[in-house]
Amino acid sequence: MTSPPPAADRPRVVVTGIGVKTPAGNTLDEVVAAVMSAESTAAALVDELVDRQAPVRFACRVPNFDLEPYLTRRELRQIDRPTALALCAAVDAVRDAGLPPIPPDRVGVHLGTGIGGLPSMEATALDHGADPMGMPVHTVPRTMANSAAARIAMRHGFLGSCLTHTTACASGTNAIGEALRRIQHGELDAAVTGGFDAAITTIMLSGFARMRALSLRNDDPGRASRPFDADRDGFVMGEGAALLVLERRDAALARGARIHGEVAGYATNSDAFHIAAPHPEGAAAAACMARAIADAGLRPAAIGQVNAHGTATRLNDRAEATALHRCFAGQAPPVTSIKGVTGHLIGGSGALEAAVALVCAGRRTVPPVANLTTCAEADRIDVVAGAPRQVALAPVLSNSFGFGGQNACLVLTPGN
């Protein structure tokens with residue numbers, strides 16, 4: 001999309017609803033508490049991975065919850081796990097927002113996913129490879145990447161733009177940013193937006209392991225995800241969904257809605273360097289951060305904390321630290337990453353991290369990074385470890401970087 005109007009001439013956009021289904025909990029309060037305690041949710045998965053001799057046999061799984069309040073039996077037959085998690089999170093987000101009647105063509109759905117329905121396709125191929133015509137009739141709709149967004153629109157009758165953004169691990173952040181732009185441009189009054197993925201399968205984990213992207217700590221999964229730590233050896237796969245309801249601030253105030261905070265700035269670009277590795281000098285990533293901050297009408301010194309992409313891969317953490325050092329001219333605010341707790345939700349990570357970052361900024365607290373013993377990037381950034389750190393009330397920068405050089409950044413401000 002084109003650039004939005006100048007900040008003074010465009011509507012402010014706030015978050016009035018949040019719904020999450022994650023390894024760290026199925027409510028926002030549960031997730032924030034887990035993040036503050038810095039305890040990993042990674043565990044061995046015997047049935048799915050250990051018994052199949054996968055090279056990586058652990059991950060961060062969403063704990064079981066009652067699906068009956070969310071989904072009908074018919075829906076459960078027709079959808080896969082990623083879509084189910086997204087639908088459930090969307091129900092919670094819409095309920096949390098308490099949206100009043102809005103013309104349905106003024107409400108959109110913008111979701112991000114990095115993997116989409118590929119796990120469903122994998123399972124179908126394994127189960128029905130010898131009998132192609134015996135596969136379920138809903139195979140194609142289950143595996144379409146846009147299935148979750150379409151289902152949410154159908155469930156709630158939203159007739160506005162219904163888009164699925166696929167920019168690898170930046171997908172959820174891009175979805176929120178593009179929904180923001182639709183509202184700023186006057187195309188929508190509200191949007192359900194965020195990200196989701198559920199890719200804990202033998203083939204997906206084996207593929208990432210072959211790229212040397214995953215931690216191989218099968219004997220100690222709880223200490224495997226260690227963003228920015230000198231002893232890190234790769235990320236830990238997670239799954240889940242995080243959905244936000246965005247709406248015009250003036251409309252939210254007029255109806256007396258509870259406002260979690262504001263999406264104040266957004267930027268996205270590409271470093272055009274490598275299909276999987278980030279550019280080591282971090283110039284494009286730093287530019288993306290700077291543009292998001294400027295889009296919010298702020299200067300870098302106004303940012304009070306950074307929720308880093310922080311995957312615990314050596315190249316990513318090193319490049320992000322360099323980019324932060326560059327963007328903030330050596331004066332970066334305190335930095336955290338919640339992936340030590342949740343694992344990497346791929347397309348869901350950016351949306352979950354934006355939601356958590358917004359809450360933490362409102363509480364004037366930076367959560368510690370789980371499993372961080374010795375920070376390998378301490379010469380460039382101040383990574384919070386050990387215990388939560390109290391900071392001043394200020395906007396927060398949330399970063400997401402994906403394979404293919406996909407960079408996306410949000411600036412969020414707490415409260416009204």
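## The β13–β14 hairpin

Strands β13 and β14 form a hairpin with 3 residues between them, and glycine 404 in the turn has a positive phi of about 90 degrees. The model is predicted. β13 covers residues 396-402 and pairs with β14 in the antiparallel sense over 7 bridges. Within this pairing, serine 398 stands opposite leucine 410 of β14.

## The other partner of β14

β14, residues 406-414, is mostly covered, with 8 of its 9 residues buried. Strand β8 (residues 261-270) also runs antiparallel to β14, joined to it by 9 bridges. Here asparagine 407 in β14 has asparagine 269 opposite.

## Helix α8

α8 spans residues 171-184, 14 residues in total. From its first C-alpha to its last the helix reaches 20 Å, close to the 20 Å expected at 1.5 Å a residue. α8 is mostly covered: 14 of its 14 residues are buried. Glycine 186 follows α8 and has a positive phi, near 85 degrees.

## Helix α5

In α5 (residues 118-128), the residues Pro119, Ser120, Glu122 and Thr124 are buried. The elements covering the buried residues of α5 include helix α6 (139-143), strand β6 (190-198) and helix α9 (202-210).

## Aspartate 9

Aspartate 9 lies in the segment before β1 (13-21). Its relative accessible area is 59%, over the 50% cut-off, so aspartate 9 counts as exposed.

The C-alpha atom of aspartate 9 is separated by 50 Å from that of threonine 202, and the two residues are 193 residues apart along the chain.

Definitions and conventions. Residues are numbered from 1 along each chain as its sequence is written. This is a predicted model: local features need pLDDT of at least 70, side-chain atom pairs count only at pLDDT 80 or more; totals for chains, interfaces and linings use all residues. Side-chain values use heavy atoms; hydrogens and water are left out. Helices (H or I, at least four residues) and strands (E, at least two) are DSSP runs, numbered from the N terminus. Buried means under 20% relative accessible area, exposed over 50%, partly exposed in between (1.4 Å probe, protein chains only). The expected span of a helix is 1.5 Å times one less than its number of residues. Contact means heavy atoms within 4.5 Å. Two strands pair if DSSP finds at least two bridges between them.
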